[in-house]
Amino acid sequence: MSGGAVPRLVIAAPSSGAGKTTVATGLMAAFAEAGLAVSPHKVGPDYIDPGYHALATGRPGRNLDAFLCGPDRIAPLFLHGAAGADVAVVEGVMGLFDGASGMGELSSTAQVAKLLRAPVVLVVDASSQSRSVAALVHGFASWDPEVRLAGVILNKVGSERHEELLRDAMGSSGVPVLGALRRTEQARTPSRHLGLVPVAERRAEALESVRALAARVRDGCDLEALLALARTVPELPDRPWDPAEAVAAAGAQAAPPAGSGRPVVAVAGGPAFTFSYAEHTELLAAAGAEVVPFDPLRDEQLPSGTRGLVIGGGFPEVYAPELSANAPLRAAVAGLAASGAPVAAECAGLLYLSRSLDDRPMCGVLPADGRMTERLTLGYREAVALGDNALAAAGTRVRGHEFHRTVLEPGAGASPAWGVTHPRRGVEGFVSGGVHASYLHLHWAAEPAPAGRLVAGAARGAVPGPAAGPA
């Protein structure tokens with residue numbers, strides 16, 4: 001079977017909370033335990049669910065976000081991630097037809113399913129209904145004729161009698177029931193202020209949770225029917241996305257061979273910095289970097305030879321005491337930033353570079369202080385680079401996403417990173433020397449230039465932009 005015809009399913013739901021993650025992760029794990037190579041995907045910008053998907057499958061969890069990356073890149077990115085897979089499972093976001101606010105179907109699960117020409121399996125919370133489930137499914141099946149709603153999995157079923165009533169009601173709907181999962185307290189995963197607790201913080205417990213989810217799905221769903229459905233897809237006409245082609249198209253130089261002077265770009269990881277897209281490190285490597293991970297909670301020095309630094313998102317507020325206590329690494333990060341080396345920081349990275357977080361000293365690179373709040377800042381943004389910097393040329397337009405419960409005061413430096421479409425502020429972030437720090441999460445597959453610019457800056461030891469000094 002050609003790569004464009006990789007078997008695939010989209011797991012969706014009428015709304016959040018119906019059990020998409022339970023079913024999708026359990027299905028991925030059940031297929032993997034059956035010996036299949038499973039490619040995991042997540043609609044939208046979510047970073048946490050893909051961590052559980054990766055644990056279930058042994059492959060990187062990858063995001064498919066039509067707002068951040070554009071509809072035309074969804075199928076190529078899917079084919080890139082699914083290369084060599086026997087089956088791909090795509091977990092949806094929110095309700096099936098919910099997309100970017102005020103933009104119709106853009107970035108919705110339904111749009112991604114249509115772009116992938118993939119059948120949709122709807123996970124329905126049946127806990128408070130019986131015959132009404134058929135009306136609900138009928139409405140979703142008929143809303144958009146281009147969406148192929150090909151099956152239903154009933155979740156939170158109360159008893160055998162309840163299941164009989166639900167299946168009887170669904171009998172005349174024309175949509176087959178492919179599984180029924182009983183209401184249970186088992187296999188729950190703990191949540192926090194931004195969703196599930198990431199895998200990196202509870203790997204052993206997360207592995208047990210994933211195994212339990214696989215057992216639930218295996219016992220309650222018709223795996224053979226689901227796999228047969230996944231195999232009914234047509235071939236996609238698109239070519240797989242390729243990071244080397246992407247950086248070349250963005251104007252970056254070809255990567256030198258490994259071991260021939262590639263600049264080391266350190267990428268923060270570990271429990272405090274878990275938010276990243278797999279394509280970012282692929283683009284950095286394609287642009288010529290030797291990408292080396294490190295853990296700011298444990299490593300007291302940056303990787304040997306570091307000439308560039310990427311600090312993505314995560315939960316620094318949870319680990320503020322430990323991050324603050326690692327004074328040698330904080331000093332090393334501050335020294336690298338002062339040298340003019342390119343430093344790209346998003347959200348958690350922004351907070352780590354600040355003077356303090358909840359009154360605990362951080363790296364002191366930025367003249368700003370962060371603190372935890374009760375207010376969730378969440379949403380897509382459009383932004384423009386206000387000047388040349390380590391990641392973007394002046395005037396570059398990007399799309400990004402914010403997802404945090406912290407605030408930074410001030411929220412922008414003398415040279416802001418972005419002008420943004422935001423209900424409360426028009427500029428955001430900090431640019432100083434080689435430092436580019438912002439709350440905005442970008443997906444570099446949409447605009448690969450940041451990877452090329454960062455690696456080029458690391459290679460030459462200097463970057464364009466305002467002179468180093470107070471941001």
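Colleague: What follows H13, and what is its phi like?
Modeller: Gly340 comes after H13, and its phi is positive, near 95 degrees. Helices (H or I, at least four residues) and strands (E, at least two) are DSSP runs, numbered from the N terminus.

Colleague: What am I looking at, and how are things counted?
Modeller: This is a predicted model, where local features need pLDDT of at least 70, side-chain atom pairs count only at pLDDT 80 or more, and totals for chains, interfaces and linings use all residues. Residues are numbered from 1 along each chain as its sequence is written, and side-chain values use heavy atoms, with hydrogens and water left out.

Colleague: Back to H13. How far does it reach from its first C-alpha to its last?
Modeller: H13 covers residues 327-338, 12 residues in total, and spans 16 Å, close to the 16 Å expected. The expected span is 1.5 Å times one less than the number of residues.

Colleague: Which residues of H13 are buried?
Modeller: Leu329, Arg330, Ala332, Val333, Leu336 and Ala337. Buried means under 20% relative accessible area, exposed over 50%, partly exposed in between (1.4 Å probe, protein chains only).

Colleague: Where do those buried residues fall, seen down the axis of H13?
Modeller: They fall within an arc of 160 degrees, so they line one face of the helix. The arc is taken from the directions from the helix axis to the C-beta atoms.

Colleague: Sheet next. What is the strand order?
Modeller: The order is E11-E10-E12-E13-E21-E20, an open sheet of 6 strands with mixed pairing. Two strands pair if DSSP finds at least two bridges between them.

Colleague: Which strands stand at the edges?
Modeller: E11 (290-294) and E20 (430-432) do; each has a single partner strand, so one side of each is left without a neighbour in the sheet. The twist averages 15 degrees from one strand to the next.

Colleague: How many bridges join E13 to E21?
Modeller: There are 4, between residues 343-346 of E13 and 435-438 of E21, and the two strands run parallel. Val343 has Val435 as its bridge partner in E21.

Colleague: What does H13 touch on the sheet?
Modeller: H13 touches E11, E12 (306-311), E13 and E21, and its direction makes about 110 degrees with that of E12. H15 (residues 449-460) also packs on the sheet, touching E10 (264-268), E12 and E13, at about 150 degrees to E12. Contact means heavy atoms within 4.5 Å. Axes are lines fitted to C-alpha atoms, for helices over the stretch in contact, and angles run from 0 to 180 degrees between N-to-C directions.

Colleague: Different topic. At what angle do H1 and H9 pack?
Modeller: About 95 degrees, with the axes 12 Å apart. H1 and H9 are therefore roughly perpendicular to each other. Angles under 35 degrees count as roughly parallel, over 145 as roughly antiparallel, 65 to 115 as roughly perpendicular and the rest as oblique.

Colleague: Which residues meet there, from H1 and H9?
Modeller: Leu27, Ala30 and Phe31 from H1 meet Leu223, Leu226 and Leu227 from H9.

Colleague: And Thr406, buried or exposed?
Modeller: Thr406 is buried, at 2% relative accessible area, and belongs to E17 (residues 397-409). Leaving out residues up to four places away in sequence, Thr406 touches Glu317, Leu351, Arg371, Met372, Thr373 and Tyr439.

Colleague: Last one. How many residues of E2 are buried?
Modeller: 6 of the 6 in E2 (residues 38-43), so the strand is largely enclosed by the rest of the structure. E2 runs parallel to E4 (residues 87-91), with 5 bridges, and pairs in the parallel sense with E3 (residues 62-64) over 3 bridges.
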